[in-house]
Amino acid sequence: MPKIVLAGNWKMYKTQVESLEFLKAFIPLLADTPEQRCVILCVPFTNLQLLSQTLHGSIVQLGAQNVHWENNGAYTGEISAPMLTEIGVRYVIVGHSERRQYFGETDETVNLRLRSAQAAGLTPIFCVGETKQQRDKGEIETIISQQLQKGLIGIDQSNLIIAYEPIWAIGTGETCAASEANRVIGLIRNSLSNPHVPIQYGGSVKPENIDELMSQPHIDGVLVGGASLQPESFARIVNFNC
Ligand code: PGA
């Protein structure tokens with residue numbers, strides 16, 4: 001597994017034309033990016049095939065934003081793991097808080113999706129994190145350990161990335177203090193059977209805070225929403241200074 005993982009999550013943004021415009025500006029900005037940094041773009045399903053062809057041979061890897069747990073079947077609107085691997089997708093986000101909040105994703109369905117991803121040879125980016133209310137009530141450790149315990153049943157920890165994304169910091173501009181993100185990620189690491197699983201921080205990561213976040217000993221990378229939509233800002237994040 002790569003140790004430093006910098007992933008962009010485009011969510012429901014960018015048409016194919018807009019994706020190509022992004023790449024035209026973004027790829028040249030990675031000319032001096034150190035090889036050991038794994039750069040991933042998790043894009044809408046409709047852009048995967050095109051980006052798979054366009055990114056071939058570049059440093060940027062391709063990721064999807066969700067995957068179903070069956071290989072095929074009567075599941076209208078869903079996409080399976082073999083459909084993703086067939087077109088060159090290597091990574092997939094699973095259990096993002098927006099999926100949990102708006103689409104009824106539970107720890108159980110997250111676990112099923114993680115398993116199907118791994119079975120097809122994809123590397124899942126498994127998201128965990130607490131709400132503001134849970135944090136204020138002092139429940140953070142309990143919530144995260146429950147998400148991890150249920151999510152990781154039957155999961156191979158040698159082919160896994162975890163993203164710690166405090167929900168109150170996602171899309172709000174309110175970043176978790178780097179030291180606090182580091183503390184929680186340290187707790188997550190201690191609870192894993194494989195301490196080498198890359199663990200990312202996610203939630204309002206931007207060019208202004210990336211260097212401080214990446215200087216923390218436990219933070220192995222970032223999962224970036226809004227700031228991954230602009231080539232210059234995502235390139236600055238990928239090319240963080242350490
Ligand atoms: P944000 O999103 O960077 O826009 O806060 C992060 C995420 O949802 O993964």
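This is a predicted model: local features need pLDDT of at least 70, side-chain atom pairs count only at pLDDT 80 or more; totals for chains, interfaces and linings use all residues.
The protein chain contains 10 helices and eight strands. Its radius of gyration is 17 Å, close to the 18 Å given by the globule rule for 242 residues, so the chain is as compact as a globular protein of that length. The C-alpha trace spans about 45 × 45 × 30 Å along its principal axes. Of the 242 residues, 54% count as buried. The chain exposes about 10,900 Å². Carbon and sulfur atoms supply 52% of that area.

Helix 7 was examined in detail. The helix covers residues 140–151. At 1.5 Å a residue, its 12 residues should span 16 Å. The end C-alpha atoms are 16 Å apart, which agrees with that expectation. The buried residues of helix 7 are Ile 140, Ile 143, Ile 144, Gln 147, Leu 148 and Gly 151. These residues cover an arc of only 125° around the axis, so they lie on the same side of helix 7. Thr 142 and Gln 149, on the other side, are exposed. Several elements contribute to the cover over the buried residues. Among them are the helices 4 (97–102), 5, 6 and 8 (178–190). Strand 5 (123–128) and strand 6 (161–164) also take part.

Salt bridges were then searched for across the whole structure. Side chains of opposite charge can pair when their charged atoms come close. The search finds 15 salt bridges.

Glu 78 and Arg 113 meet through their side chains in a salt bridge, at 3.1 Å from N to O. The pair links distant parts of the chain, 35 residues apart. Glu 78 sits in the loop between strand 3 (60–64) and helix 3 (81–86). Arg 113 belongs to helix 5, residues 107–119. The two partners fall into separate accessibility classes. Glu 78 has 29% relative accessibility and therefore counts as partly exposed. Arg 113 has a relative accessible area of 6%, under the 20% limit, and is therefore buried.

A second bridge joins Arg 236 and Asp 211, whose closest N and O atoms are 2.5 Å apart. Arg 236 is partly exposed, with a relative accessible area of 28%. Asp 211, at 23% relative accessibility, likewise counts as partly exposed.

Asp 136 forms a salt bridge with Lys 132, with 3.1 Å between the closest N and O atoms. Both residues belong to helix 6 (residues 132–136). They are four residues apart, so about one helical turn separates them. Asp 136 reaches 54% relative accessibility and counts as exposed. Lys 132 is partly exposed, with a relative accessible area of 41%.

Salt bridges also form a network. Its members are Glu 130, Arg 135, Glu 141, Glu 180 and Arg 183.

Key:
Residues are numbered from 1 along each chain as its sequence is written. Side-chain values use heavy atoms; hydrogens and water are left out. A salt bridge is a side-chain nitrogen of Lys or Arg within 4 Å of a carboxyl oxygen of Asp or Glu. Helices (H or I, at least four residues) and strands (E, at least two) are DSSP runs, numbered from the N terminus. Buried means under 20% relative accessible area, exposed over 50%, partly exposed in between (1.4 Å probe, protein chains only). The expected span of a helix is 1.5 Å times one less than its number of residues. The arc is that of the directions from the helix axis to the C-beta atoms. Contact means heavy atoms within 4.5 Å. The radius of gyration is taken over C-alpha atoms; the globule rule is 2.2 Å times the number of residues to the power 0.38. Accessible areas come from the Shrake-Rupley method with a 1.4 Å probe; for residues, only the protein chains shown count as cover.
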